[in-house]
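Trainee: Hi! Could you walk me through this structure?
Mentor: Happy to, let's open it up.

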Amino acid sequence: MQNELLTTNSSMKKSLFIFLFGIFSTVSVFAQETVVKGSVTETISFEPIPNVTVTIEGTVISVETNASGEFQFLEQVPLGEQVLNISKPGYTSKRYPIVVNEGQTLNITDMTLTKDVSEVDLFTISLTDDELDSDDSGLDNISGLLQSSLDVFQRTAAFEFSSSFFKVRGLNSENGSVLINGIEMNKLYDGRPQWSDWGGLNDVLRNQELTTGLKPSAYNFGGILGTTNMIVRASKYREGGRITYSSSNRSYTNRVMGSYSSGLLDGGWAYTIMAGRRWGNEGFQDATLYDANSFFASIEKIINEKHSLNFTSIYTPNRRGKSSPNTQEVYDLKDIKYNEYWGWLDGEKKNSRIKEVEEPILMLNHYWDISSKTSLNTNIGYQFGKIGNSRLDYGGGGNPSPAYYQLLPSYSLSDPDGPDYAQAYEDEQNFINGGQIDWERILDANITNNDPTNGEKPGAYVLYEDRSDDTQLTVNSIFNTEINENILVNAGVTYKNLKSENFGEIIDLLGSTVGYLNVDSFDGFQYDNQNPDRVVFEGDKFRYNYNILSDVVSGYAQAQFKYNKVDFYVSGSVTNTTYQRDGLWENEAYLGNSLGKGEKLNFTGIGAKGGLTYKITGKHLIDVNAGYITQAPSIRNTYSNSRENNSIVEGISEEKITSGDISYIFRSPIVKAKLTGFYSKIEDANEISFYYADGLTNINVETGGVSINETTAFVQEVLKGVDKKHFGAELGIEAQVTPTIKLKGVASVGQYTYDNNPELYLTSSGFGRTQTFTSNLKDYKVAGGPQQAYSVGFEYRDPDYWWFGATANFFSNTYVDVSPLNRTENFYLDSDGLPFNNYDEDVANQLLKQEEFDDYMVVNLTGGKSWKIGDYYIGFFASVNNLLDKVYKTGGFEQGRNANYEQLLEDSNNPKRVFGSKYWYGRGTTYFLNVNFRF
Amino acid sequence: MKTTKFLKIALGLIVTFAMVSCVQDDDYTIPSSLGNEENTGLNNLLNQISTGTVELKTITEVRELAVQYEAISIESEIAVKGYVSSSDQTGNFYKEFFIQDDPSNPTATLKIVLNQVDTYNQFNQGREVYIYLKGLYIGETNTGDDVTTIGGKFDTFDNDILAITSNQLGNHVFRSTTTEEIEPVELNLSEISEFHIGMFVKLVDVQFPRSLSGLPYVDPTDDFDSQRMIESCAEDNEFMMESSSFANFSQMTIPTDGKGTISGIINKTYDGYDLVINLISTDDVIMDDPMRCDPFNIDDYTAVFTEDFNDAVDNTNLNLPGWTNFAEEGSELWTEQAFGGNGYAEFSSYLSGDAVNVGWLVSPGIDMDAQEGEYLFFRTAQHHLDSVDNTLEVYVSSDFDGSNVLSATWVPITTNLADINNDWYDFIDSDLIDVSGYTGTLHVAFKVSGSGTNTQLDGAYHVEDFNILIEN
């Protein structure tokens, strides 16, 4: 802190006070009223800074600056010598001593804040976007929600824990809302924000407002994890520009960005533009290409004092190569960078699985200050475009996966006739030396099939894309009014309309001139029964074709009360959600239930929450929050097999969430600490998964009355009425031990478990629907990131504008995602309904024990420096993650292939498991370098 | 303005980067080098053949290396050439294909087993393939099954030949760029022999039995393979078709509403006991003649006229109402017979005393205008028949006046009749004889010629179940 001098001892205070007042302050005398007000500007530009928190130290009195950087305390400020603390994220806090005299107005103008280089540059890293959006990791990352937080716990969770897929309170990102200018960006499909839709726009997305947990947001009711609103109003940006170049080996290898903001121009106009590109042939994982462009433009017209209109467009087309989860056998033969999705073609690494996101956002925002106390903000958002995930289909060829289980040594070693060591050795050498997709064989197969001599044949392989083309319109109005200085009321209404077009599309015939057959090669079913045996070409739809239509109408209202000793709030919401599937193709396996519109589903959700902060003293606070929410299940968890039919999860109902937390907060000039206990219970949720099951011994199909002996099938697994319980404690503590050294410590200790034994049934085109099983999941751990995480670290900040920091982070209690089917009676009952002859409960318990991954420690370093050259700034930032190159598993799942005791036992007894769990590993040592230039 | 200039530079830079910094595109153009490696392999082999380092053998010569029940390691520098005859496109073959020595007139074949699925998209039907044999094995995949096979390894326990591994494949099996049209060898069922194993053949004039009507190629209760009967029309012969439960046509319905041809590969059952045909595709089942050739099933027809002769009085001259019993030569007439409750008509010259007997049995008149689509059907039997000159003939007439047999115009009918080759007393079905072309009143006559004095000509004929039928 540069102003620590001001507070060193009381004898200096007065002289400094006089000194300061000589420069900055004027004292006016009015009768009776004591007023403390002032303004804050940026050190260099002297631009006013809005949203600066101004507090009187040792009290709970605080106020924020307005758009002009001005503030005035509404409450009575204690008389006499006081210390004014001004702070804002991204700036170095300052402290000003003042003297408050009764009946006088103290107007402190021209207080300044300096941009905090370290904070600013932390923003610059922006958690590698691929982690945020990594659907191939199967893990969900909530860090994007938290990155703007000032709280040491949340910042650590965002920046230090993200590469371990740590989740705050074990909650997925659908429990948090991400808003841009007040418009919610979470997808109706899965409730999660699609981070790629605004990736690479770091410069213009700095202005974020975060409310965490159940705390009331000024924009919406929110989930139980919190709400982040990114403000992209053109008038809210400081005039100036920035050019950034970054280099990294995490996801992209290069990044270039440029942005410029006009500031407020004559005539009330302001604009901000930005363009950026991130690219690379390969990130940490092999062949994970990155190709992303980002464009942003926002223009605002301040019509008059009351009205302002802002138009924003965001366009961030991006393509990324995905990487595969692998069995331990594969990692052992290769390494943790191994990715089975690519192969060499013409001297280039070609990745077969590319995720492409291109969803432009257009929004129009109207801001109306009805009075100085009341405002109405109305927004229209329109988003369209596509998300595509490419993959190979092999209707007329062998499985192209180079890590196909039959190609690995474990398969030969588990030969029923005894281990075939010679073959295993050969397979091992092949995999070590190759182990990638053989594109040439694939092309050759299609070219061979083109030969008309004995009858041309459709392509054996094809590259196609699973497409989801969403068009969504969102309209909302947010009303804010200060009823008096103690009561703030917010209310809002929102309407959303979604048309989601889902289909497969052929993107490359891979050399075939004959085309590709639109028929299920596995069991011969027609995908499009109205056009049987159709041959499809590039650009044609393939495999499935349906729309999901959804309407959401919601409203909320809340009141916040602020008093000297206690702040509290109450909030309520109601939401109506409808979903309807409209099948455009008739799937032959589901005649009568695939073509045309299905049932229109209607869900009503309500939310109620409240909380209070009790200020024991300015140093000690107690904060309590509690809420109860019912909500529609996401589209993903509503339809059991939306690609093929209109079936919905049987007996579907709203999910119910109960959540609460209690915190003790300690604040002193040196130490800030917060200890929180939390509890959340999620009930009546559904989980749908798809996999190839082997060992379905005890399937009794209810429809048709036909006995079947299917033991293997591609199935949809519906787990319904799942309850989960999350509870634990969080601790965040930071201490400014010297003016230059800050110590940080964070701990999160939780237990996230299944809390009931939900029902389970399977559906399949082969056998229809099974009977309903009970899956004995109670007390199994919920997978997804470590349930315990700890961090200790320090920051050194030199007055000469350079700094560095280091943290050591410890993770434990990370669990594999268990297969629910293996926890049903299908596991131990033979087809005659009796337990397997060799069934041994002790052995079964051993087989079904949930795998816990090893504990690990990751050390991260950061550092930076900035220079001022004339009117320009140059900033440099570097970070090294996982300095010690620790190898660790971040997640994994049990394969659904061995669905019964005998098969799992047999596989477990193999020298190497053929169908062992698949895992994701964290990255080894990686770096990130960043240089920026500001003007 | 300085800032504007910076902005322009910045944006310019970004646009430039966007254009020049390309990453993997989504273009899958076929690289010009595709297949080079394989061509090099083939050219090396062809060079070695032309210089004499490697000797190119015929398939027949290679097959001579095989010794049944043994796995023979091929150690000499030899190679063989053939044309792929089979295809696993539909999944009816698994990790194997056959080659034959000529695309249209094959004389020998080999089975190739390899550790690869969907071989059809590499070793497509008709493809010219060279196999460098040194280091491979010749034998049988299930020893004793008579299917001579080239493989890459063998099982030391039972000498079974095992697949060519994917590593061996690239060093031993080479494709040329030639694909020839494979012309099937046309065969009647009786002609099929072990010689044809592995050849692409066309079975002619065949159909599936009516009993398979509505059934799929593979019985869902069979775990692996199903056998389905094929019948010959021209011959009294049957043959088995075997299909895998993994074939994609396994649940398709067998076509039973016609006859035609079935093409496929002749193979052996897994145990090696029986020859079977394996389809490559159901496109090769061409039942293009809607007229089946079934042995007749009376339940499918309604009788316009029927005579089962069950009112017969044993050993009396036949005098059923409407029937004409006439001796053209000699005095012997047709008689009524009953045996074990079954009645029939018989003509026998035995001990007639006449040197020549010619007896006519003429049916009552049938009104051919009262319905359409009439068939004639009856059964005949014989006993003591010694000579083909002791004949039974069948005629029809539409101008028989009911009494004067010899003045009517009799049109001979050729059909299946009991003859000297049949067992005594066995009733033989006639064909289903189409008589729908006749109008007016039709009579059917059975004429037997024999002798009571020549013991070579004194056999007897029976007629039974005389019917004029129309289809249901």
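Mentor: Let's start with strand β26 of chain A, residues 386–393, where seven of the eight residues are buried. Buried means under 20% relative accessible area, exposed over 50%, and partly exposed in between, with a 1.4 Å probe and protein chains only. Helices (H or I, at least four residues) and strands (E, at least two) are DSSP runs, numbered from the N terminus.

Trainee: Before we go on, what are the ground rules here?
Mentor: This is a predicted model, so to speak of local features we need pLDDT of at least 70, side-chain atom pairs count only at pLDDT 80 or more, and totals for chains, interfaces and linings use all residues. Residues are numbered from 1 along each chain as its sequence is written, chains are lettered from A and ligands numbered from 1 in the order in which they are written, and side-chain values use heavy atoms, with hydrogens and water left out.

Trainee: Thanks. Which way does strand β23 run against β26(A)?
Mentor: Antiparallel: β23 (residues 354–358) of chain A is joined to β26(A) by four bridges. Two strands pair if DSSP finds at least two bridges between them. In this pairing, A:Glu356 sits opposite A:Gly388 of β26(A).

Trainee: And how many bridges does β26(A) make with β27?
Mentor: Seven, again in the antiparallel sense, with β27 covering residues 462–484 of chain A. There, A:Leu392 faces A:Leu463 of β27(A).

Trainee: What about A:Asp466, buried or exposed?
Mentor: A:Asp466 belongs to β27 of chain A, and its relative accessibility is 9%, so it counts as buried.

Trainee: What does A:Asp466 touch?
Mentor: Leaving out residues up to four places away in sequence, A:Asp466 touches A:Ile387, A:Gly388, A:Asn389, A:Arg391, A:Phe503, A:Tyr544 and A:Arg643. Contact here means heavy atoms within 4.5 Å. With A:Tyr544 there is also a side-chain to side-chain polar contact of 2.8 Å. A polar contact is a pair of N or O atoms within 3.5 Å; within protein, one must be able to donate a hydrogen and the other to accept it, and residues adjacent in sequence count only if both atoms are side-chain atoms.

Trainee: Is A:Arg255 buried or exposed?
Mentor: Buried, with a relative accessible area of 1%. A:Arg255 is in strand β15 of chain A, residues 254–261, and its side chain makes a polar contact of 3.4 Å with the side chain of A:Asn930.

Trainee: Switching to helices: which residues of α11 in chain A are buried?
Mentor: In α11, residues 901–909, they are A:Tyr901, A:Leu904, A:Leu905 and A:Asp907. Viewed down the axis of α11(A), they fall within an arc of 165 degrees, so they line one face of the helix. That arc is taken from the directions from the helix axis to the C-beta atoms.

Trainee: Which residues are exposed on the other side of α11(A)?
Mentor: A:Glu906 and A:Asn909. As for the buried residues of α11(A), what covers them includes α10 (841–848) of chain A.

Trainee: What caps the N-terminal end of α11(A)?
Mentor: A:Asn900, with a side-chain oxygen 3.1 Å from the backbone nitrogen of A:Glu902.

Trainee: Now a sheet question: what is the strand order in the one with β48?
Mentor: It is an open sheet of three strands in chain A, ordered β20-β48-β47, with antiparallel pairing. The edges are β20 (326–327) and β47 (889–893) of chain A, each pairing on one side only. Four bridges link β47(A) with β48 (residues 918–921) of chain A, and A:Gly892 has A:Tyr919 in β48(A) as its bridge partner.

Trainee: Let's hop to chain B. Which residues touch the most other members of the largest nonpolar core?
Mentor: B:Leu203, B:Phe208, B:Tyr217 and B:Ile230, in a core of 34 residues. A nonpolar core is a set of buried Ala, Val, Leu, Ile, Met, Phe, Trp, Tyr and Cys residues joined through side-chain atoms within 4.5 Å.

Trainee: Which element gives the most to this core?
Mentor: β13(B), with four residues. A second, separate core has 29 residues, among them B:Leu361, B:Phe378, B:Val394 and B:Phe446.
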